[in-house]
Structures are given as C-alpha cells and as structure tokens.
Amino acid sequence: MTRTFSGIKPTGHLTLGNYLGAMRRWAEVDQHRTDALFCVVDLHALTVEHDPARVRRLTRQAATLMLAAGLDPELCTVFVQSHVDEHARLSYLLECTATDGELRRMIQYKEKGARAQAEGQSVRLSLLTYPVLMAADILAYSADEVPVGDDQRQHVELTRDLAVRFNQRYGHTFTVPKATHPPVAARVMDLQDPGSKMGKSHASSAGIVYLLDDADLVRKKVMRAVTDSGTDVVLDREERPGVANLLDVLAACSGGDPAGLAATYTSYGALKKDTAEAVVEVLAPIRKRHAEFAADQGYVDEVLKRGALRAREMARPLVDRAYRAIGLLPPA
Ligand code: AQP
C-alpha cells in the first residue's frame, strides 16, 4: 500500500493556504487510499524566534484543527514530531549526507533568513538545516508520497536527492518519495499582497484568512482583497495576480476551474462576494468541529499518544538500519 507522510509547523494560526494546499487532500483523499501519517512538526517551529508557551499552544491547536479538518485517527496516524525521537536521530545522518551548498540554495532559507536579519535577529543554524530534518521526517517512514503545497516543492526535491545519495553510498535504505500537489490553489497568495504566499507567520494578518476566523472577518478580508485597476475578470497570473488568486480560491472552494469561472464574472465585486461566501461555507464545519474537539482535549491528547506509539514502531527499525548502513556500531 502506498505510504503518505506530511506535516504542518506550529509557527502561527493555520491558514486557508494550509488547508487548500495540503490538509484538505489529506482528509478527503490521502487517508482513504494510502497508509497515511500526518504530523505537527513542532521541531521546525524552533528554527525562528519563538515563544515556548506559544509553540506548545499552537502545537495542540494544529493537532485539534487537523482532526477538525477531517483526519480520522481510525484511518490515519496523527502525531507530534518531537514525540518520536527517530526524526532527530535520522536527521543527523542526513546532515552527514547533505552539503552546505545545497542547503544554502533553499528559497525558504534565503527568505526567512533575510526576514530575521531585517528584524535585527540572528539566523539560527537550524533554519539552514531544517530541510534535512524535513527529509528525515519523510524518509523515516519510507513514504512514497508527500502531499504538500507548491512552496514545499524544493524541499521534497532535496529529500529525493538525499535518499538517492544515501542509497548509492551505503546500500538501499530509503524509499525515494515524490511530492503531490492539489490541482488548484497549490499556492494561495496573500490577499493584500498577491505577490507573496499566504503564510501563517506573516506580520500583517489583513491578507490572511485563518481557519478559525469567524464568517464576518472572512468576508471583510476577502472583500478588501487587493486586485488591480482593471475591471474585467480574466485569468492572468502575471498581470492580475490578485484576481487570479481569488479565482483559484473560488475554484478550490466551490469546484470548477479558474479559467471557466473567470468567464462567468463581469465585475470584481461579484467575484469577491462569491469567493467570500464559498470560503465561509468551507470553513464553517471546520470551526464547528474545532470547538467540539477543543472542548475535549483529553481525546486529542489520546489520539496524539497513540499516533506517536505507532509512528515510533514504524520508524525505529528503518532508522536503526540506516545507522548500521552508514557505519555505526550497533549497541551490544
Ligand atoms: N499559501 C499556501 N498555499 C498553499 N499551500 C500552502 N501551505 C502553506 N502555505 C500555503 C502548505 O501547508 C502545509 C503546511 O505548511 P507548513 O506549516 O509546513 O509551513 P509553510 O509551508 O512554511 O507554510 P506557512 O503557513 O507559510 O508557514 P510559515 O509562515 O511559518 O512559513 C505545507 O504542505 C505547505 O506547502
């Protein structure tokens, strides 16, 4: 059976981008047709300035939202990365496989490193090495598929390169995974800055729809989305990125394709209104289920405990094998 792994990092409140780019397919497709593992990758949240209590809170909230979005612990494994030591164990071996040059080429490293420096913060070494930890997350489970948004494409490519390199040097150990992306809305853009991805850790929340925003706030954010000075609705990603983003979001939330939808609108106002309502409709059941699960944290904790047990059992033999393959003496 195909094995799937994917994760979400608790660096902020989860967004519509996280949902349309990744979580929705985890719930609607991947957990039904594959042996799927979904993880709150909390170690990745330590790569930038962080508040310990907030990371803990957001880790719980992300897990709760994953269940609210439809992940069913009877169908898939839901757990927290730091509860399974194998991720960090394997990461070190992969650091001994990766090169400094290939990590410095990672776009997220360049962007987030520049952002940290602009804010007068030093760049943590873990920001450079985080894609290697992500490779370990995936390879530890012999995942065949990694369902992610478009922004993670480069990191999955690195994972493939490291798996191939390790296998060639030390004998076949890892499955070489491939990334999968949704057909539309693989990169949801910020509503106020359609040149940038909608990201949960951005400073300004005006262009970001959070999964827990109430209906009125969602309407306000979508109605205020930046478009451009034109009036006709056409799908032109280069010249009209704001309109293209709304068409993508509408298509993802209501079905249909962005180009076909463009032909049915004659004004930006109507497009925004329908997009806002489509988003409200998609988020309403998630907010409702989130409130239910949030009121029963004991259940969420139990799911995470069972998930970690299962994940550990799956990862340990493979990571042990990798330790032997690379030349480390097994304990007596
Ligand atoms: N804007 C987006 N459009 C489509 N997919 C997206 N994803 C993130 N943003 C968008 C996908 O969501 C999954 C989880 O993302 P992550 O938590 O690993 O972090 P990220 O990719 O770095 O996303 P964020 O929300 O922008 O976080 P920050 O601001 O902390 O960097 C991934 O599959 C991702 O592709």
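**Ligand shell.** I sorted the shell around the ligand by class and got 7 nonpolar, 11 polar and 5 charged residues. For this I took Ala, Val, Leu, Ile, Met, Phe, Trp, Tyr, Cys and Pro as nonpolar, Asp, Glu, Lys and Arg as charged, and the others, Gly among them, as polar. In total, 23 residues surround the ligand, and the closest are Gly-17, Gly-21, Gly-149, Gly-199 and Ser-201.

**Ground rules.** I am working with a predicted model, where local features need pLDDT of at least 70 and side-chain atom pairs count only at pLDDT 80 or more, while totals for chains, interfaces and linings use all residues. Residues are numbered from 1 along each chain as its sequence is written.

**Who supplies the shell?** β1 (3-8) and α1 (16-33) each give at least two residues to the shell around the ligand. The largest share, 5 residues, comes from α1. Helices (H or I, at least four residues) and strands (E, at least two) are DSSP runs, numbered from the N terminus.

UniProt, in an unreviewed entry, puts the short sequence motif "'HIGH' region" at residues 10-18. I note that UniProt annotations may be inferred rather than shown by experiment. Over residues 10-18 I read 33% helix and 0% strand, with the end C-alpha atoms 11 Å apart.

The unreviewed UniProt entry lists Asp-137 under "binding site". I found Asp-137 in helix α6 (residues 125-139). Is Asp-137 buried or exposed? Asp-137 counts as buried because it has 27 C-beta neighbours inside 10 Å; the cut-offs are 20 or more for buried, 12 or fewer for exposed, and partly exposed in between. Leaving aside neighbours within four places in sequence, Asp-137 is in contact (C-beta atoms, placed from the backbone, within 7 Å) with Phe-5, Gly-7, Cys-39, Val-41, Gln-81 and His-87.

**Domains.** An automatic or database assignment sets the bounds: domain 1 is 3-181 + 296-326 and domain 2 is 215-291. Their C-alpha centres lie 30 Å apart. The contact takes 6 residues from domain 1 and 5 residues from domain 2. On the side of domain 1 that touches domain 2, α2 (52-68) and α1 each supply at least two residues, and α2 gives the most, with 3 residues. That side has 5 nonpolar, 1 polar and no charged residues.

**Helix α8.** In α8 (residues 215-223), I list Val-218, Lys-221 and Val-222 as buried. They sit on the same side of α8, because they cover an arc of only 95° around the axis, taken from the directions from the helix axis to the C-beta atoms. The buried residues of α8 pack against α11 (268-294).

Notes:
Near = placed C-beta within 6 Å. Contact = placed C-beta atoms within 7 Å.
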